[in-house]
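Please have the model open as you read.

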Amino acid sequence: MRIENTAAIVTGGASGLGASVASALATGGVKVYAFDLPSAVQNAQRIDGVTYLETDVTNVGEVSQSVALAASGAEPLRTVVNCAGVGPSMRILGRKGHHDLELYAKVIQINLIGSFNVLTLAASQMAETETDPEGQRGIVINTASVAAYEGQVGQAAYSSSKGGVVGLNLPAARDLAQYGIRVNCVAPGIIETPMLETVSEEFRARLAEGVPFPQRLGRPEEFANLVLFLIKHDYINGEVVRLDGALRMSSR
């Protein structure tokens, strides 16, 4: 699928993986709409070709309004990349008691339900566009994690949410096939995001030692490059692609 002179939505687009994807798409001639929370939008390093919209992915009204705006321009809405997410850690039973249910529900709400909310509302807009010469209307790429398969201690909520994203992938691809919309998913391992900038070099080195090859942390631009590949490769649909250097997470 050609991306030049089309529109794209990137959730969590003001920082981290989302910002890297937004930059790569904008460089490729795409009009990008980055959805993120107000604080993230206000602190974002602005990228040419990217419009920042304060949007809570769990809020149906806010997402509907922002999706409508993204679809209202001259460029057809062809791409959605869901990068918004959170990853707090808490054990089911710990020193301070049992896992907080509200925290568990919040992680599911943002990572899984938020992705579904954007996918659904954006697909509704995509379905109204003209097809390209290959009969395509667009693609949705969700972000899971290797934790969907090998969740570590303290990752019950996070792994549940990302496992749900993986489970959503194939039925969503099948549901949207009749509209010419593909659905794929990336499951990254340990990527150098702003979250890791807060830890020591020694700790990051230990994380890298666990990656078979290349023995380093992943880079945001590698995530963005994989997203671009999935967008452009018309025959990849309903697939979850791991981006992890053959990493298989240990229990802790």
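1. Helix α1 is largely enclosed by the rest of the structure, because 10 of its 12 residues are buried. Buried here means under 20% relative accessible area, exposed over 50%, and partly exposed in between, with a 1.4 Å probe and protein chains only. The buried residues of α1 are Gly16, Leu17, Gly18, Ala19, Ser20, Val21, Ala22, Ala24, Leu25 and Ala26. Their cover includes β1, β2 (31-36), β3 (50-54), β4 and α7. Helices (H or I, at least four residues) and strands (E, at least two) are DSSP runs, numbered from the N terminus.

2. A word on provenance: this is a predicted model, in which local features need pLDDT of at least 70 and side-chain atom pairs count only at pLDDT 80 or more, while totals for chains, interfaces and linings use all residues. Residues are numbered from 1 along each chain as its sequence is written, and side-chain values use heavy atoms, with hydrogens and water left out.

3. The length of α1 (residues 16-27) checks out: its end C-alpha atoms are 17 Å apart, which agrees with the 16 Å that 12 residues should span at 1.5 Å a residue. The expected span of a helix is 1.5 Å times one less than its number of residues. Just after α1, Gly29 takes a positive phi of about 90°.

4. Helix α4 also deserves a look. It has 26 residues and reaches 36 Å from its first C-alpha to its last, close to the 38 Å expected at 1.5 Å a residue. Where does α4 kink? The kink, of about 35°, is centred on Ile113. The bend at a residue is the angle between axes fitted to the seven residues ending there and the seven starting there.

5. How do α3 and α4 pack? Helix α3 (residues 60-70) and helix α4 (residues 101-126) meet at an angle of about 35°, with their axes 10 Å apart. Axes are lines fitted to C-alpha atoms, for helices over the stretch in contact, and angles run from 0 to 180 degrees between N-to-C directions. The crossing of α3 past α4 is right-handed; a crossing is right-handed if the near helix is turned clockwise from the far one by less than a right angle, and left-handed if anticlockwise.

6. On the α3 side of this contact (heavy atoms within 4.5 Å) are Val60, Val63, Ser64, Val67 and Ala68, which meet Asn117, Val118, Leu121, Ala122 and Gln125 in α4. By class, the contact of α3 with α4 has 7 nonpolar, 3 polar and no charged residues. Ala, Val, Leu, Ile, Met, Phe, Trp, Tyr, Cys and Pro count as nonpolar, Asp, Glu, Lys and Arg as charged, and the others, Gly among them, as polar.

7. Leaving out residues up to four places away in sequence, Val63 touches Thr55, Asp56, Val57, Asn117, Val118 and Leu121.

8. Glu130, between α4 and β7, is exposed, with a relative accessible area of 66%. Not counting residues up to four places away in sequence, Glu130 touches Arg78, Gln136 and Arg137. Glu150, in the loop between β7 and α5, is buried, with a relative accessible area of 17%. Beyond its neighbours within four places in sequence, Glu150 is in contact with Gln155, Arg242, Leu247, Arg248 and Met249.

9. Finally, some backbone geometry to check. Most residues other than glycine have a negative phi, and most peptide bonds are trans. Asn5, in the segment before β1, has a positive phi near 60° and counts as exposed at 61% relative accessibility. Ala246, in the segment after β9 (240-243), has a positive phi near 70° and is partly exposed, with a relative accessible area of 47%. The peptide bond from Phe213 to Pro214 is cis, with omega near -10°, and Pro214 sits in the loop between α6 (201-209) and α7 (220-232).
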